[in-house]
Amino acid sequence: CLTSLTIDYDTSYTISKITFRLPSAIFSLLTIFVLYRYSRKINNSESIYILLIGSLIFSVSWMFLIYSSQGENFAAAVFSLMTLIYIFEHYKNSEAPIGTSLKVGVFVSFLCLLHYQTMFFLPGFFIALFYESSYSIRIFSKKWIPSILVAATTVLGIYFIFLKGRLTYNPGIHWNAGESGQYAFNPDCGDGFFGCAFRVFIENLFEVMQSIVSFSNIDETTSLIYTTVILALTVLGFIYIISDKRHRGLFIFLLVGVIVWMALVLMNKLTFSPTRHSLILLSPIALLSSYGFYLIFRNFTKILTSYFSVVLFCIIVLSLFVIAFDEQKEKRGDPLEKVKIENILQKYNPSVIIAYSNSAHLEFYPIVKNNYWSKYMNNYPYSTIYKKRVNNENKSRILIFCVNGELCNNSDSEVVSAILMKYFGKNKAYENIYKYEVNSTVLNGFGSKAGSGPNSLFLSIWE
């Protein structure tokens with residue numbers, strides 16, 4: 001994992017977070033750079049729309065901002081797909097000798113290694129290159145077979161080394177299916193196959209789009225109007241690249257990618273959900289919206305009037321983004337930044353820490369890493385147990401910790417009671433000597449009704 005190359009565990013929680021999240025921040029910035037490079041490859045009259053509208057959509061997407069400042073690798077997914085689109089545009093008319101073809105294969109393989117979802121768009125990438133080869137099997141094979149062999153080898157390696165074992169216990173559909181499973185395909189929904197497919201795709205389309213592109217509360221008029229505009233521009237962008245022969249290959253690329261995505265949803269390998277698992281779609285949305293904007297304004301007789309419309313749209317959206325920014329930032333702030341874990345550990349000196357619901361944040365505290373050894377328990381409530389390396393006088397003192405987890409709950413909850421009973425035993429008395437609780441209803445991610453846990457913190461010490 002790239003984060004292992006940058007993370008600093010030894011300084012402080014804040015420094016650990018910054019270094020852990022550095023790759024995501026880098027990939028988010030590189031996405032804008034790749035978009036710029038893409039804009040330089042196309043028609044001059046289109047490039048200003050691609051650069052300004054595309055950059056705007058990337059920059060104001062709160063979902064993208066969140067995962068550009070997280071250790072998770074979803075910003076790399078957006079970067080990878082945008083780069084794959086650029087590679088297609090760069091090489092679609094290339095003679096592609098063997099050396100070039102191998103180089104493309106290696107680079108495509110690197111993008112797949114950055115994020116597995118890039119593999120879903122490889123069929124569209126190569127089918128579009130086949131179209132650009134005038135549907136000639138001879139020309140296509142001569143140019144791109146080396147690239148296909150390299151990419152296919154990488155895909156098989158990713159599957160057998162990284163995915164096959166994981167998919168046996170984590171098939172990709174869990175919390176992201178929603179409370180009632182509305183974001184996963186259910187063939188037994190009662191409306192027949194096509195009716196059930198309509199439910200998962202059409203009924204969820206606006207909500208998925210809203211979570212990916214929006215920057216204000218999803219129930220506000222601003223979010224509804226902005227999402228409607230971007231959805232309309234995306235549809236117009238599809239129409240434009242269908243109608244313009246220069247972009248027909250891009251249309252095939254994206255169309256096949258969408259078909260593969262839908263097929264995986266129908267096979268229950270993916271969800272179509274308003275979560276980070278759909279964030280990779282931001283790249284085609286940004287690109288198609290730009291083309292859609294161009295389609296509307298390309299017929300203006302005065303170029304300055306056309307460019308003025310782009311700038312005006314960007315100013316309006318950025319102004320609304322700035323107005324909404326502080327509220328979104330405040331309620332998504334890290335609750336651990338407001339409590340001094342180090343001071344609590346020094347004062348109460350617990351012999352055991354139980355961080356449940358996959359709460360891994362304590363790994364970033366030097367005081368924990370240096371004074372406790374840890375063991376992960378892959379059963380309910382999915383805890384990491386930290387035990388003091390050197391025994392102290394507080395052998396029966398335990399700290400129970402949870403942050404941002406699905407199971408996180410207060411000190412009176414069943415999950416905390418179950419942990420205490422398991423640790424102290426059924427017949428032993430115990431008391432709470434300290435607690436700190438931040439109860440939030442804001443889900444991780446943005447605009448998501450299927451979050452992987454709220455932005456809450458529950459900390460309690462018992463003896």
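A residue is called buried when its relative accessible area is under 20%, exposed when it is over 50%, and partly exposed in between, judged with a 1.4 Å probe and protein chains only. The structure is a predicted model, in which local features need pLDDT of at least 70 and side-chain atom pairs count only at pLDDT 80 or more, while totals for chains, interfaces and linings use all residues. Residues are numbered from 1 along each chain as its sequence is written, and side-chain values use heavy atoms, with hydrogens and water left out.

**View 1. The chain and its buried residues.** Of the 463 residues in the chain, 52% are buried. Along its principal axes, the C-alpha trace spans about 80 × 50 × 45 Å.

**View 2. The largest nonpolar core.** A nonpolar core is a set of buried Ala, Val, Leu, Ile, Met, Phe, Trp, Tyr and Cys residues joined through side-chain atoms within 4.5 Å. The largest one has 97 residues, and Tyr-38 and Phe-125 are those with the most contacts inside it. Its largest share, 14 residues, comes from helix 5, which covers residues 74-91; a helix here is a DSSP run of H or I with at least four residues, numbered from the N terminus.

**View 3. The surroundings of Tyr-38.** Leaving aside residues up to four places away in sequence, Tyr-38 touches Ile-50, Met-82, Ile-85, Tyr-86, Glu-89, Leu-250, Leu-287 and Tyr-291, where contact means heavy atoms within 4.5 Å.

Definitions and conventions. Helices (H or I, at least four residues) and strands (E, at least two) are DSSP runs, numbered from the N terminus.
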